[in-house]
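Subject: Structure handover

Hello,

Here is the structure for you to look over. My notes on it follow below.

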Amino acid sequence: MTQPSVLFVCVHNAGRSQMAAGFLKALSGGAVEVLSAGSMPADQVNPVAVDAMAEVGIDIRTEQPKVLTTEAVQASDVVVTMGCGDVCPFFPGKRYEDWVLEDPAGQGIESVRPIRDEIRGRILTLLDELGVEPVGA
């Protein structure tokens, strides 16, 4: 089987999609190709999301928000959207999931932790569905 590819998309690519990408990279141990992008990328990753991930040992400080491209969607086996709605390109034959998660933008660490933890749980479910054994879970 070829390595599965997962694309996480949210509007600013600064919080939810970055946390999801960080978890999937860490928990898949490199067994999954991980991409993230935004329909209107922010200038930087949300510092509170960076801090929340650091609390669980995952460093996303060096990540940069990226613009969503048609090519990224075409190259992915699974596209996980997080509130970007109709701006996400749709291609038949791709697996799409929409994860309804609260936006961590403008929130403190106390509010971002539960979002982070929910994302981790969804990543573990996704790994199971992809047939990938989580590393260090």
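**Confidence**

The protein chain averages a pLDDT of 92, and 94% of the residues score at least 70.

This is a predicted model, in which local features need pLDDT of at least 70 and side-chain atom pairs count only at pLDDT 80 or more, while totals for chains, interfaces and linings use all residues. Residues are numbered from 1 along each chain as its sequence is written, and side-chain values use heavy atoms, with hydrogens and water left out.

**The sheet**

Four strands form an open sheet in the order β2-β1-β3-β4, with parallel pairing. The edges are β2 (33-38) and β4 (95-98); each has a single partner strand, so one side of each is left without a neighbour in the sheet. From one strand to the next, the twist averages 20 degrees. Helices (H or I, at least four residues) and strands (E, at least two) are DSSP runs, numbered from the N terminus. Two strands pair if DSSP finds at least two bridges between them. Strands of a sheet pair through backbone hydrogen bonds, either parallel or antiparallel.

Strand β3 (residues 78-81) pairs with β4 in the parallel sense, over four bridges. Thr 81 stands opposite Asp 98 in β4.

Two helices pack on this sheet. Helix α1 (residues 16-28) touches β1 (5-10) and β2, and its direction makes about 160 degrees with that of β1. Helix α4 (residues 109-130) touches β1, β3 and β4, and its direction makes about 165 degrees with that of β4. Axes are lines fitted to C-alpha atoms, for helices over the stretch in contact, and angles run from 0 to 180 degrees between N-to-C directions. Contact means heavy atoms within 4.5 Å.

β1 and β3 also run parallel, joined by four bridges. There, Phe 8 stands opposite Val 80 in β3. Side chains of β3 go both ways: Val 78 and Val 80 point one way, Val 79 and Thr 81 the other, and all are buried. Buried means under 20% relative accessible area, exposed over 50%, and partly exposed in between (1.4 Å probe, protein chains only).

**Cores and the aromatic pair**

The largest nonpolar core has 31 residues. Val 6, Phe 8, Trp 99 and Ile 123 have the most contacts inside it. The elements giving two or more residues to this core are β1, α1, α2, β3 and α4. Its largest share, seven residues, comes from α4. Apart from this core lies another, of seven residues, among them Leu 7, Val 9, Ala 37 and Val 79. A nonpolar core is a set of buried Ala, Val, Leu, Ile, Met, Phe, Trp, Tyr and Cys residues joined through side-chain atoms within 4.5 Å.

Ile 123 touches Phe 8, Ala 20, Phe 23, Leu 24, Leu 27 and Trp 99, not counting residues up to four places away in sequence.

Rings of Phe, Tyr and Trp (its six-membered ring) pair if their centres lie within 6.5 Å; planes under 30 degrees apart count as stacked, over 60 as edge-to-face and the rest as tilted. The count comes to one aromatic pair. Phe 8 and Trp 99 form it: tilted, 5.9 Å centre to centre, with 55 degrees between the planes. Phe 8 lies in strand β1 and Trp 99 in the loop between β4 and α4, so the pair ties together parts that are 91 residues apart in sequence. Phe 8 is buried at 0% relative accessibility, and Trp 99 is buried at 4%.

Arg 116 is found in helix α4. Its relative accessible area is 6%, so Arg 116 counts as buried. Beyond four places in sequence, Arg 116 touches Met 19, Phe 23, Ala 52, Met 53, Glu 55 and Val 56. Arg 116 and Gly 15 are 101 residues apart in sequence and 9.3 Å apart in space, C-alpha to C-alpha.

Ser 28 is found in helix α1. Ser 28 is buried too, with a relative accessible area of 3%. Leaving aside neighbours within four places in sequence, Ser 28 is in contact with Phe 23, Leu 127, Val 132 and Val 135.

Asn 13 is found in the loop between β1 and α1. Asn 13 is buried, with a relative accessible area of 0%. Its phi is near 50 degrees, a positive value in a residue other than glycine. Most residues other than glycine have a negative phi.

Best wishes

How values were computed:
pLDDT is the predictor's confidence in each residue, from 0 to 100.
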